[in-house]
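Hi,

Here is the structure I promised to pass on. Have a look at it first, then read my notes below.

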Amino acid sequence: MISNRLNVVLLVIALVGLLAGLGLLVADFTELATYTWTVGVLPVLAALVIEIARSLRKGEVGLDIVAALSMAAALVFGETLAAAVVALMYSGGTYLESFAEGRARREMSNLLSRVPRTATRHRNGALDEVPLDDIKPNDLLLIRQGDIAPVDGTLESDRAMLDQSALTGEAMPVRLARGDDIMSGSTNSGEAYDLRATLPAAQSTYAGIVRLVEAAQKSKAPMARLADRYSLFFLVVTVVVATAAWWFTGDPIRAVAVLVVATPCPLILAVPVALVAGLSRAAHYGALIKGAKPLEALAGIQTLILDKTGTLTDGRPQIVSIQSHGALSEDEILYFAAALDQGSKHPIAQAIVAAAQARDIVLPIPRDIVETPGDGVRGTVDGRPVLVGGLNFVMEQVGASSSSAAPQEPGAILVALAVDGQLAGHLVMADALRSGTSELLTGLRRTGIKRILLATGDRRAVAEAVTEGLGFDAVCSDLTPDQKVRLVLSERENGPVMMVGDGVNDAPALAAANIGVAMGVRGTAASAEAADMVLLVDRLSPLLSGIEVAQGARRIALESVIAGIGLSFAGMIAAAFGYLSPVQGALFQEVIDVAVILNALRALRIKPRETTLAAIQDVTRPKS
């Protein structure tokens, strides 16, 4: 494509040439006006011919050939005014297209412009300003008010208020508590806080988003390639109509008028603008699509396959219930268990600590901590001996039988607590289903998805317990990564398939699907790399938003193409029968081009169904 700067130069030359020639014509300097129009056309025609030659060397036949033919024919047959109008309209249309695409990319480009260059690091009791590449995992960073988190990490302060709107589209700031994960790219909208880095900058979420945005901006959509594929057909039809008009009437000016009306075709204007606008709009709602090709494919998905752990469920164990076996209340059981579990890095221990903090329980510092990896932890809390861990481990330590424990639900885990050598209670934990899942699945079916399946490596009983009442068309359990791939390939025989997952084991299936979707907040780098779309928040609602935006953008692109091509053909026929002169044809075609570009920009205003989206976001928004 011609560069933006050259577009401006050519537009100015064409505009000055046309206006100067009109001024000379009014002053009755007809020959000088003709010369001026010719001078204004030639640079545009030369640039266009060079661009066509480059395309032909790549094996691409574009509709710019029609524009070159119309300008050349108008000059040859003395219709210099028409040639000047075509040159102005072509250069103006090209500039308008680049301007429209630039506007459509603005939200995605905003992500790139917000990349921080340095960070403030705690070191030896002082603060140092260091380049991002110097940050290593476990470094403690100070994030001041208004600063952007430079790397992924965990909150080391008691609380923080973050603006994640640039990443997720969620307007309201999010409150986080100590130990919560913080995604790089989030803006601190509250007091300064400390961030413990968990990843270097190059591997953090925001750096990955930037790479995906850059890749998306370079992409070319199937519909755009379809336009190129049929450009030869359109070119042939245009030449045939022009030649026929000249042959049957003996008037070459009618052929010139036909060529002028066909320049440039809305196929090369509306499609890229609409689809790039769709990419920008989807990113606004927290769905980063890696290019225009996946966006178009997203609009036609027939089957959805969901992974369970970390996708359909939260992926982290949560307390379902607390059972007391003595005098301690539920809060007291949680108090002792969480206090001791502060000394363990086990995911279940950390989940118990997080649950206590969520209830604003102030935890004391445990003493004499001894951890038995995989079994449990013993120590002292408030001077009292405490033991917390697996049921069998705790029961053996206190000399009791585990037969008295309540029966476990499928997929549930029992964590036992003993205080003063006596069983005090149990904490029942499970990987809970994400809130709002039922509403989300209903919304997804409304977009035209016909089949929704669960694919998990968990046991059948666990999978069925999690999906009970959700209306899945099939629940596939005990699957290995290879079996997930085979499931995707078998479903693809019935139509386009989307696979949603978050783990390394999901990456092959994501790559095998027509559209692979990765959970971008806590998902692995492998799944994000294999995916065509990344959800920027730890919930599934952007999936629905992304599909609705993709369908809207594709619909708008098709509307623009059908209307534009239909009007162009109508204009060509009118010109062939002498109802449009070359100048009138050029003006008519430019009206068509401006109309289809403005219509394509409607994709920037696409809104997912507000009632469904609001309901899902309300119930799935992380709780403070």
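Val-16 has its place in helix α1, where helices (H or I, at least four residues) and strands (E, at least two) are DSSP runs, numbered from the N terminus. Helix α1 (residues 4-26) supplies the largest share of a nonpolar patch, three residues. That surface patch covers about 320 Å² and is made by Val-8, Val-12, Val-16 and Tyr-95. For patches I took residues with over 30% relative accessible area and no salt bridge, joining like charges within 9 Å and nonpolar side chains (Val, Leu, Ile, Met, Phe, Trp, Tyr) within 5 Å. A salt bridge here is a side-chain nitrogen of Lys or Arg within 4 Å of a carboxyl oxygen of Asp or Glu. Accessible areas come from Shrake-Rupley with a 1.4 Å probe, and for residues only the protein chains shown count as cover.

Before you go further: this is a predicted model, so local features need pLDDT of at least 70 and side-chain atom pairs count only at pLDDT 80 or more, while totals for chains, interfaces and linings use all residues. Residues are numbered from 1 along each chain as its sequence is written, and side-chain values use heavy atoms, with hydrogens and water left out.

Now the overall picture. The protein has 23 helices and 22 strands. Of its 624 residues, 53% count as buried (under 20% relative accessible area; exposed is over 50%, partly exposed in between; 1.4 Å probe, protein chains only). The accessible surface comes to about 27500 Å², and 57% of that belongs to carbon and sulfur atoms. Among contacts (heavy atoms within 4.5 Å) between residues at least 6 apart in sequence, 67% join residues at least 24 apart.

On to the inside. A nonpolar core means a set of buried Ala, Val, Leu, Ile, Met, Phe, Trp, Tyr and Cys residues joined through side-chain atoms within 4.5 Å. The largest one has 104 residues, and those touching the most other members are Leu-298, Leu-304, Leu-444, Phe-472, Met-498, Val-500 and Leu-543. Helix α21 gives the largest share of this core, 14 residues. Apart from it lies another core, of 27 residues, with Ile-322, Val-353, Ile-361 and Val-415 among them.

Leaving aside neighbours within four places in sequence, Met-498 is in contact with residues including Leu-298, Leu-304, Leu-543 and Ile-547. Helix α21 (residues 541-576) also holds Glu-548, which is buried at 9% relative accessible area. Beyond four places in sequence, Glu-548 is in contact with Thr-447, Ile-606, Pro-608 and Arg-609.

Pro-150 sits in the loop between β3 (140-143) and β4 (153-155) and is buried too, at 8%. Its C-alpha is 9.7 Å from that of Leu-195, 45 residues apart along the chain.

Most residues other than glycine have a negative phi. Asp-360, though not a glycine, has a positive phi of about 60°; Asp-360 is found in the loop between α14 and β13 (367-372) and counts as exposed at 66%. Asp-382 has a positive phi near 55°, lies in the loop between β14 (376-381) and β15 (384-390), and is partly exposed at 48%.

Cheers
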